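Please look over the sequence and the structure shown here before reading on.

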Amino acid sequence: MSTYFDALETRSQDERETAQLSALNAQLARNGMEPVDALSQLSGLPVLRKADLVARQAENPPFGGLPVSNLAHVFQSPGPIYEPGGISHDWWRMGRFLHACGIGKNDIVQNCFGYHLTPAGMIFESGARAVGAAVLPAGIGQTELQARAAHDVGITAYAGTPDYLKIILEKADELGLELKITRAAVGGGALFPSLRQYYADRGIDCLQCYATADLGNIAYESPSMEGMIVDENVIVEIVTPGTGDPVAPGEVGEVVVTTLNPDYPLIRFATGDLSAVLEGSSPCGRTNMRIKGWMGRADQTTKIKGMFVRPEQVAQLVAKHDDIARARVVASREGEMDVMTVRIETAAGNAAVFEKSVSELLKLKGKVELVEIGGLPRDGLVIEDTRTYD
């Protein structure tokens, strides 16, 4: 098996940016938007959030008026959000990840992602087809039958959530069934180091990807296991939560993705997840941008004193004052009362000048605390909830 899925994985950054800019402008044209001269100009375009997509789809079902083509399947995810699916080669771009896992034409994959309504099962089946592997469409549940099938069929690879493989392995042990699984491609949940080690101790190499129902594969681990390599056919930005403004390299922010799939052109789709760019290239030789993986949720909407405070409101506060570099809302408790403290990173020396804007934009009165420039953590949080309810 070749080390790389294709030549795109090792191209120069100049080659990649030139090709992606051409593909991006084709996507913008499909959406009736003006072309851009550089990928950096993406940050000037509006962000599409899941709530926006739900509203658009309710008005114009099922896909909110987006220019969908080559439709083969329609899926439903919680929201509800309806996603299109295609059957052209590797439509969700999962083959690249399965290839990195070492899965190929001599493998039979037990696909334990769901096949009903949501697209996860089809996403991974499409990827298996792209690398020439056969698939047992197992879905979830019926663990004893799954263990027996893995034994009888001679399953060599697993696809599913990180923890479900352990359940199958333990059931096989209980039944005295020997399994041949040596590779696992996982997603949809946390792969804890102890669980990865459990699989390694059983001779199973386990790698994880970062994918969503709307976007397909976004990033994936290679055998070097240093961060996640961004897929070749998406453009990933890391922005301050509640805005579309890119953060500095290495800082934590919200993952915003533009797909280069011409059948479903999503432009600047906000995932609601936090991550950060991992600088440099992977030791495996793949040259694309890397991210640090999933680092929490960007939707930090928090109820304080019975009112919701949203990241977008914090962003409005920063935008209103030129002398505010950053702001962070901290929810705490004093006795039985909620307290809101707004920590403002600024060179200004008078907190009172910001109090009116805090009340107007956050719809609550709170303490204003000034912090020197560089004094707020670069961890992606704009709303921090320190309350406990023990």
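Arg326 has Glu345 as its bridge partner in strand S18, strands here being DSSP runs of E with at least two residues and helices DSSP runs of H or I with at least four residues, both numbered from the N terminus. The model is predicted, and local features therefore need pLDDT of at least 70, while side-chain atom pairs count only at pLDDT 80 or more and totals for chains, interfaces and linings use all residues. Residues are numbered from 1 along each chain as its sequence is written, and side-chain values use heavy atoms, with hydrogens and water left out.

The bridge between Arg326 and Glu345 belongs to the antiparallel pairing of strand S17 (residues 324-334) with strand S18 (residues 337-346), which runs over 10 bridges; two strands are said to pair if DSSP finds at least two bridges between them. Both strands are part of an open sheet of 4 strands, in the order S19-S18-S17-S20 and with mixed pairing. Its edges are formed by strand S19 (367-371) and strand S20 (383-385), each of which pairs on one side only. From one strand to the next the twist averages 25°, an angle taken between N-to-C directions, on a scale from 0 to 180 degrees, of axes that are lines fitted to C-alpha atoms, for helices over the stretch in contact.

A second open sheet has 3 strands in the order S10-S11-S12, and its pairing is antiparallel. Because strand S10 (234-239) and strand S12 (269-275) stand at the edges with a single partner strand each, one side of each is left without a neighbour in the sheet. The twist in this sheet averages 30° from one strand to the next. S10 and S11 are joined in the antiparallel sense by 6 bridges, and Val236 has Val257 in S11 as its bridge partner. On the other pairing, 4 bridges link strand S11 (residues 253-259) to S12, again antiparallel; here Glu254 stands opposite Leu274, and Gly253 has Ser275 as its bridge partner. S11 is mostly covered, with 7 of its 7 residues buried, where buried means under 20% relative accessible area, exposed over 50% and partly exposed in between, for a 1.4 Å probe and protein chains only.

The loop between S10 and S11 contains Asp245, which is partly exposed at a relative accessible area of 45%. Asp245 and Asp231 are 14 residues apart along the chain, and their C-alpha atoms are separated by 22 Å.

Helix H4 (residues 120-131) has 12 residues, which at 1.5 Å a residue should span 16 Å, and its end C-alpha atoms, 17 Å apart, agree with this; the expected span is 1.5 Å times one less than the number of residues. Because 10 of the 12 residues of H4 are buried, the helix is largely enclosed by the rest of the structure. Among these buried residues are Met122, Ile123, Phe124 and Glu125. After H4 comes Gly132, with a positive phi near 85°.

A pocket is an open set of points, on a 1 Å grid over the protein atoms alone, with protein on both sides within 12 Å along at least five of seven lines, whereas a cavity is a set where a 1.4 Å probe fits but cannot get out, and lining residues have an atom within 4 Å of a point. Grid points are joined across faces, edges and corners, and a volume is the space filled by probe spheres set on the points. The largest pocket holds about 950 Å³ of space, and of its 36 lining residues the closest to the centre are Gly187, Gly188, Gly189, Ala211 and Thr212. S7 gives the most to this lining, with 5 residues.

The structure also holds 1 cavity of 30 Å³ or more, and the largest cavity has a volume of about 50 Å³. Residues lining the largest cavity include Trp91, Trp92, Arg93 and Tyr264.

Which cysteine sulfur is closest to that of Cys112? The closest is in Cys206, 13 Å away, which is too far for a bond, a disulfide being a pair of cysteine sulfur atoms within 2.5 Å. By this rule the count is 0 disulfides. Cys206 is likewise in no disulfide, and the nearest cysteine sulfur to its own, that of Cys101, is 7.8 Å away. Cys112 counts as buried at 3% relative accessibility, and Cys206 counts as buried at 4%.
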